[in-house]
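Biologist: I'd like to learn how to read a model like this one. Can we bring it up and go through it feature by feature?

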Amino acid sequence: NEVGPPAELARLPAAERALVAEYAAAEAEARAQPLHAARSSLIESGVLLYLHTAGGGAAWGLFESVRQRLDRAALVQNVARTSLVTCFVPILLVGGVVTAYNKWNKATDTVEEKFRLYFALALALYPSGRLLQWVETFAPLWLGGHIVGFASFFTWTLYTESDLMRSDRELEQARGAARQAA
């Protein structure tokens, strides 16, 4: 007795069905663009951000090594280590920690559960400080590379006029203007 999508759509009000049809048409139009699947999955999954931070780390490691007139071995080490750290720190800290926190926070309801969660998180900050000391020793240029990478990513999203840089209100206004024009 499974209800499929057409039956679910039939139960929606006419305005919502029209909106679903509009979104489906917009998605079909977007899919017709060359490399749509690769481009959208890179942006939506965050891989593009990680590529930019890795590239920013490599660029910063190269820039600082050339500025300090380091030998080739130190230059390669700075480029590789800074690139790796600026890529994996956001993946682990932003992707992993924030995702875990959101999951745990949604699973807690009472004040006592929230207190336990926040207390455990506060205790976890101490060892994470030790981890960042190790990161700093391994790749001392990582923070500069991280900044360059984020600047590169946000410049790219502005250049490509990505929806990531637009507010929900702007997106709704653009959608309304497109509806009126059609």
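Modeller: Let's start with burial: a residue is buried under 20% relative accessible area, exposed over 50% and partly exposed in between, using a 1.4 Å probe and protein chains only. Take Ser 65, which counts as buried because its relative accessible area is 1%. Before we go on, this is a predicted model, so local features need pLDDT of at least 70 and side-chain atom pairs pLDDT 80 or more, while totals for chains, interfaces and linings use all residues. Residues are numbered from 1 along each chain as its sequence is written, and side-chain values use heavy atoms, with hydrogens and water left out.

Biologist: Where does Ser 65 lie?

Modeller: Ser 65 is in helix 4. Helices here are DSSP runs of H or I with at least four residues, numbered from the N terminus.

Biologist: And what does Ser 65 touch, leaving out residues up to four places away in sequence?

Modeller: Contact means heavy atoms within 4.5 Å. By that rule, Ser 65 touches Leu 70, Ala 74, Leu 75 and Asn 78.

Biologist: Is His 52 buried or exposed?

Modeller: Buried, because its relative accessible area is 16%. His 52 is also in helix 4. Beyond its sequence neighbours up to four places away, His 52 touches Gly 149, Ser 152, Phe 153 and Trp 156. With one of these, Ser 152, the side chain of His 52 makes a polar contact of 2.5 Å.

Biologist: How many residues does helix 4 have, and what span does it reach?

Modeller: The expected span is 1.5 Å times one less than the number of residues. Helix 4 has 21 residues and reaches 30 Å from first C-alpha to last, close to the 30 Å expected. Its buried residues include Gly 56, Gly 57, Ala 58 and Glu 64.

Biologist: What comes after helix 4?

Modeller: Arg 69 follows it, with a positive phi near 55 degrees, although Arg 69 is not a glycine. You'll find Arg 69 in the loop between helix 4 and helix 5. Arg 69 counts as exposed because its relative accessibility is 76%.

Biologist: Which residues make up the largest nonpolar core?

Modeller: A nonpolar core is a set of buried Ala, Val, Leu, Ile, Met, Phe, Trp, Tyr and Cys residues joined through side-chain atoms within 4.5 Å. In this model the largest one has six residues: Leu 48, Leu 49, Tyr 50, Ala 54, Cys 87 and Phe 153. Helix 4 (residues 47–67) gives the most to this core, with four residues. A separate core of five residues has Val 85, Val 89, Val 135 and Ala 139 among its members.

Biologist: What about Tyr 50, which residues does it touch?

Modeller: Cys 87, Pro 90, Ile 91 and Gly 95, again not counting residues up to four places away.

Biologist: At what angle do helix 5 and helix 6 pack?

Modeller: Axes are lines fitted to C-alpha atoms, for helices over the stretch in contact, and angles run from 0 to 180 degrees between N-to-C directions. Helix 5 and helix 6 come out at about 175 degrees, with axes 12 Å apart. That makes the pair roughly antiparallel, a label for angles over 145 degrees, whereas under 35 is roughly parallel, 65 to 115 roughly perpendicular and the rest oblique. Among the residues that meet are Val 85, Leu 93 and Trp 104 in helix 5, and Leu 117, Leu 121 and Phe 138 in helix 6.

Biologist: And what do the buried residues of helix 7 pack against?

Modeller: They pack against helix 4, helix 5 (72–107) and helix 6 (111–138). Helix 7 has 18 residues and reaches 25 Å, close to the 26 Å expected. Its buried residues include Trp 142, His 146 and Thr 157. Thr 157 counts as buried because its relative accessible area is 3%, and its side chain reaches the backbone oxygen of Phe 154 at 2.9 Å. After helix 7 comes Glu 161, with a positive phi near 55 degrees.

Note on methods. Helix = DSSP H or I, 4+ residues; strand = E, 2+ residues; numbered from the N terminus. Polar contact = N/O pair within 3.5 Å; in protein donor to acceptor, adjacent residues only side chain to side chain.
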